[in-house]
Amino acid sequence: NLIYNQNLPQEVILDKTSNVWRFNILINKKETLLKEIFLNGLFASSHFYSSSKLFKNEKKTNTDILSKNIINLFNDLRFSELNAYKICEIITKHHNKYGPGKRP
């Protein structure tokens with residue numbers, strides 16, 4: 001988490017207190033970023049499914065926003081420090097082009 005906190009634009013970091021099992025960022029055009037991450041041999045995920053899809057398909061603004069913008073980065077021993085630095089470079093470049101994701 002220290003690598004992410006020191007090397008990512010602060011405006012993309014979701015909430016430092018919630019970055020336990022994954023490190024969460026909010027970014028515009030997350031699918032474009034995920035493709036770039038995969039093309040570079042790295043992995044990230046987007047496992048936040050909007051509750052509006054789970055509960056009678058009602059509009060839930062906050063969960064819809066999170067679902068559209070959140071990416072989870074790995075922060076455990078299976079993801080090396082080198083990989084963390086490399087993914088930070090990719091995210092920063094993407095952020096400079098597309099900006100941060102909307103916050104709920």
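This is a predicted model: local features need pLDDT of at least 70, side-chain atom pairs count only at pLDDT 80 or more; totals for chains, interfaces and linings use all residues.
The structure contains two salt bridges. One of them joins the side chains of Asp76 and Arg22, with a distance of 3.8 Å from N to O. Asp76 lies in the loop between β3 (70–73) and α5 (81–98), whereas Arg22 lies in the loop between α1 (2–7) and β1 (23–26), so this pair ties together parts that are 54 residues apart in sequence. Arg22 is buried, because its relative accessible area of 14% falls under 20%.

Asp76 also meets the side chain of Arg78 in a salt bridge, here at 2.8 Å from N to O. Arg78 counts as exposed, because its relative accessibility of 68% is over 50%. Through salt bridges that share partners, Arg22, Asp76 and Arg78 are joined into one network.

The helix contact involves α5 and helix α2 (residues 30–39), whose axes come within 10 Å and cross at roughly 150 degrees. Angles over 145 degrees count as roughly antiparallel, and α2 and α5 are therefore roughly antiparallel to each other. The crossing in which α2 passes α5 is right-handed. On the side of α2, the contact is made by Thr32, Leu33, Glu36 and Ile37; on the side of α5, Ile87, Ile90, Ile91, His94 and Tyr98 take part. Sorted by class, the residues in this contact of α2 with α5 are six nonpolar, two polar and one charged.

Technical notes: Residues are numbered from 1 along each chain as its sequence is written. Side-chain values use heavy atoms; hydrogens and water are left out. A salt bridge is a side-chain nitrogen of Lys or Arg within 4 Å of a carboxyl oxygen of Asp or Glu. Helices (H or I, at least four residues) and strands (E, at least two) are DSSP runs, numbered from the N terminus. Buried means under 20% relative accessible area, exposed over 50%, partly exposed in between (1.4 Å probe, protein chains only). Axes are lines fitted to C-alpha atoms, for helices over the stretch in contact, and angles run from 0 to 180 degrees between N-to-C directions. Angles under 35 degrees count as roughly parallel, over 145 as roughly antiparallel, 65 to 115 as roughly perpendicular and the rest as oblique. A crossing is left-handed if the near helix is turned anticlockwise from the far one by less than a right angle, and right-handed if clockwise. Contact means heavy atoms within 4.5 Å. Ala, Val, Leu, Ile, Met, Phe, Trp, Tyr, Cys and Pro count as nonpolar, Asp, Glu, Lys and Arg as charged, and the others, Gly among them, as polar.
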